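Please look through the structure shown here before reading on; the numbered points that follow take up a few of its features in turn.

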Amino acid sequence: MKFNYKLHRLCGASYGTPAATGSSILSSSSKGSNIVFTSDGNSVLSPVGNRIQVLDLLHHSCRTLPVEARSNIRRIALSPKDDRLLIIVDVNHYGMLVNYRRGVILHRFKFKQPVREMKFSPDGSKFAVSYGKHVQVWLTPGVRREFAPMVLHRQYTGLVGDVTTLDWSSDSSVLLAGGKDCQARVWTVDTVKDYEPWTLIGHKKPLIGVHFEDQEKTLAERDQFFAGSSNTGSSLTGTLVARCYTVSEDGVICTRECRREEEKDSDSNDMKTGLESLGNDAVGFFSGGDVATSSTSKQSGTGSTDQAHAIVKGRWGTTSRHYFNANSTAQNVVSTSYSSDHSLLVVGFSDGLFGLYELPSMSNIHTLSLSHSTIGTVTINPSAEWLAFGCPKTQQLLIWEWKSETYILKQSGHAYGMRCLAYSPDGIVVATGGEDGTVKLWNSQSGFCYVTLPKSHTAAVTAVEFANPTVVLSASLDGTVRAHDLHRYRNFKTYTSDIPCQFLSMAVDKSGEVVCAGSAEPFRVCVWSVQTGKLTDVLTGHLGPIASLDFHPVRGTLASASWDGTVKVWDLYKSDSTPETFESGADVVCVAFRPDGDQICSGTIRGLLRFWNVEDGSLICEIDGQKDIKGGRKMNDRMTADNNASSRYFTSIAYSADGTCLLAGGNSKYVCIYEISQQILLKKFQISFNRSLDGVLDELHSKNLGDGGALDDEHDSGDEDNNYAPHLPGAKRSDDGSRKSRVEVLTMQVAFSPTGREWSTVSGEGLHVYSLDDDMIFDPMALTEAVTPGAVQTNIRKGKYGMALLMSLHLNEFALVKSVIEDTPYESIATVVRSIGQEHLSQLIQFLSKCMEDSPHVEYYLQWCLELLQTHGLFMEKNRGKYLRSFRALFRVVQSRYVDLKAICDDNKYSLDFLENQANLLLGGQNDS
């Protein structure tokens, strides 16, 4: 069994940070982090906690970048045009420079002041960050590792309040920033002779967005409509050289124009041209500007001058003022995004409404209500076709195509987090239950939630199980077990107990006919028939809550684990049978059967994993995992992590498909894999390094320890106030009285995929999916000097396809095996399959499943599968434990290709029926005439 599992994706949340149960406010900031489109506009980068989700909208897939920030992410920026560099800044002002293509961290650094906005220049040579009340411009580093890649170009001052928004001009020569002091300021990036920064005032609330209009559009409008005239339709006099827009929180947008008076004395201008050009070149040289560009622009005239030189000696003024919330005073502007190429402005409001406007006319193109919570961030893609919205409170991510008025993507996780998970028998679907009482279905291949079952539970869902591929069962603290139909997506049956109780655990037998649920009080197990819905039996005998249930893989026996320190094995098909009891000496919180049913494992609160023989009830071995699962110190702990026993035991366990290894997780940041026969720890995974979560650090910094315990520097710093909290009558501060709490890092459930190539765990952040590397590891079998890629190609040319396939399997290279498989003639497949020995079957099935996943030769690979089953089917049936993982991987691929082909065939069938009906109508009309 291979153990090179890596985090493939984080499901359950597509945007925002996880919220603690019962918390009504955000953990980091009320506005949330920003969303970024790639340069081609087909992918979206969305921060989730301290990770980055990459959502491919073209291929409908999701992946998580293999980098983690120290804390929750506040801002991200992607270099334009080439998408080379990704800059990430967290809530504690720590930054990371990442190679986006390779997912490698190039450099780490820290800003000394809060960073609320960050943006690359259009040419990609620099990037600007808000640095408290100042703005810093840094030179863009290269993609190679350097000792000091971050070089500060300049720091710009002049604003009184903290900077909240900024923007670049289209030629990257002018910088515009706005802040909490209700004013904006215009700087030139490089020093320009005779230029003095301008301050733009006129707003009563903090600025939310400032945007430059494209210089070419501004000059084209001036030359087209007002050629030869200094009056350009405005009260301001002079020639129009620049235009920008400022948006404030109270819904006011101001159009600002910069105009420059032309000098009348042309003779004196000609005499000064040479001297001024030399002076500008000298200033540009010593300030780091481009000397050649400034000289050329001065000689060629105003039309080709860069914007920094064009606004010299210009005067800024307000030409128009518009109001978004003219009909309502309750909504505030929270976020804005502007496409300078298409002159479109997107505005997100605090009541979940957004508006799309065309500038400078301020024509309202589109207005729609997307959510009941605040739209924290909006982004428009480069082609201005798709709009991305993020709602931080509900962790919603929405992609809207405004021309067709349809959703491209709509994703949201469970409110207050997940609690349980279950894989479908084919491994394609993952069902999750949440604290909000809902059940969601996720596609394990794409990582997207494709349906949220209608909410039927009134309390948290504690367990979910698949009765068969089309029926999923869920147990809840509301005292019901509900069966959901995955064809119609509805609750078709509800199972209740004769006595009101809360169900903590659930199990379904392998035939899908019997469902059992364990309750907290009274301490019993209820047994129902899935089809009739009748309560057939009640199992009593435990003296504590039933924490876990599991059915025998073959026989109809049920194992139940309880807080009374015992594990009982019940025979459901024998009346008046006494259950077999396994004593543990401590509260038992988890139990699981081995896939062959000969062994049972239980976990106690003392951190012990006990393995029992099912036949004679003897104890096989014990594994002490207290030191392995030991977690970190939490903010409210009054003792160190070494002395805290609350996080030193396992709460969920799962066997691997071959039964040799055990996956275990608990109330800590670690998930462990043990080898049972040798009783050793094979690998330990840390599910998160996010310091915004509680329990990540093993030791708290002494500077954050006060007399009353640990101090939460992130939440108590007052760095980001909640501007959108409700105002209480008579109160001078916007505080609704709710207290902030951190999400605790822990694993509530772990499970292996039926294919064996991935496993998942549920935590406060969502569903972590760990999968094996796509690149096959070089693992030679019976390799000799004669087995080379050249020998493989020689055998193919000679027609010895069986020998070529065996050699390629020995080399274990995917590209080589795929070429041999596809070069084999259709009529020779049966002969080649018969030449494959039993020792290579599992490897060949794995390669076939990987080749078939994206190959157009569906019938050809189905013939391979058919010949494999006809030739080696009986042997694989007798040794199902050995080949179960590879066979399930192949079945999942065949099932997915079947679904794709079925959809295409149905569409073609409907199209042909439509064409036939149209032809009949035309023929009928001609006959009538």
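1. Two strands are said to pair if DSSP finds at least two bridges between them. In this predicted model, strand 15 (residues 174–179) and strand 16 (residues 184–188) pair in the antiparallel sense over 5 bridges, and Ala177 stands opposite Arg185 in strand 16.

2. These strands belong to an open sheet of 4 strands, arranged in the order 14-15-16-17 with antiparallel pairing. Its edges are strand 14 (163–168) and strand 17 (198–200), each of which pairs on one side only, and neighbouring strands are turned by 25° against each other on average, direction ignored.

3. Helix 10 (residues 841–852) has 12 residues and reaches 16 Å from its first C-alpha to its last, close to the 16 Å expected at 1.5 Å a residue. The helix is mostly covered, since 10 of its 12 residues are buried, among them Leu841, Phe847 and Met852.

4. A search of the whole structure finds 21 salt bridges, and one of them joins the side chains of Glu765 and Arg51 at 3.3 Å, N to O. Glu765 lies in the loop between strand 57 (758–763) and strand 58 (766–772), whereas Arg51 lies in strand 4 (residues 51–56), so the pair ties together parts that are 714 residues apart in sequence. Glu765 is buried, and so is Arg51.

5. Lys634 forms a salt bridge with Glu744, with the closest N and O atoms 3.3 Å apart, and this pair ties together parts that are 110 residues apart in sequence. Lys634 counts as buried because its relative accessibility is 13%, under the 20% cut-off, while Glu744, at 32%, is partly exposed.

Key. Residues numbered from 1 in each chain as written. Predicted model: local features only at pLDDT ≥ 70, side-chain atom pairs only at ≥ 80, totals over all residues. Heavy atoms only, no water. Helix = DSSP H or I, 4+ residues; strand = E, 2+ residues; numbered from the N terminus. Expected span 1.5 Å × (residues − 1). Buried < 20%, exposed > 50% of the residue type's maximum accessible area, 1.4 Å probe, protein only. Axes fitted to C-alpha atoms, helices over the stretch in contact; angles between N-to-C directions. Salt bridge = Lys/Arg side-chain N within 4 Å of Asp/Glu carboxyl O.
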